[in-house]
Amino acid sequence: MSDMPLHPSIVALVSLAANIAANHPKQGLCQVDRLRAYGVSQAHIDAVVEIARHIRDEAGEKLDHSFDQAMAGCAPADSAGEACCTSTASGQSCC
């Protein structure tokens, strides 16, 4: 790994995605302001938001499914055949 620090816009993009995916109460809005100040396009910001929401929603669905199976007394489904992730509604890859 390089000793060179990440560009502040990359740090802000990662932080924005993490805040959204983690359902952080501040939602990453501070990072959006920083990204705009760094000149990051709205299209790039929107793509990061879409991917982060997709990952958050997918994780919630999987947890809900696992919970529902446990409540019904079923063994957890084997996930060996599942893809590691799916694309967002607009086709953005989250992998």
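Predicted model: local features only at pLDDT ≥ 70, side-chain atom pairs only at ≥ 80, totals over all residues.
Residues are numbered from 1 along each chain as its sequence is written. Local features need pLDDT of at least 70 and side-chain atom pairs count only at pLDDT 80 or more, while totals for chains, interfaces and linings use all residues; side-chain values use heavy atoms, with hydrogens and water left out.

Within α1, select N19. N19 counts as buried because its relative accessibility is 13% (buried is under 20% relative accessible area, exposed over 50%, partly exposed in between, with a 1.4 Å probe and protein chains only). Now show its contacts (heavy atoms within 4.5 Å). Leaving out residues up to four places away in sequence, N19 touches H24, Q27, G28 and Q31.

Next, select residues 29–37, helix α2, and colour its buried residues: Q31, V32 and L35. These lie on the same side of α2, because they cover an arc of only 105° around the axis (the arc of the directions from the helix axis to the C-beta atoms). Among the elements covering the buried residues of α2 are α1 and α3 (42–71). Turn to the face of α2 directed away from its buried side: the exposed residues there are L29, D33 and A37.

Continue past the end of α2 to G39, which follows the helix and has a positive phi, near 85°.

Finally, select A47 in helix α3. A47 is buried, at 15% relative accessible area.

Definitions and conventions: Helix = DSSP H or I, 4+ residues; strand = E, 2+ residues; numbered from the N terminus.
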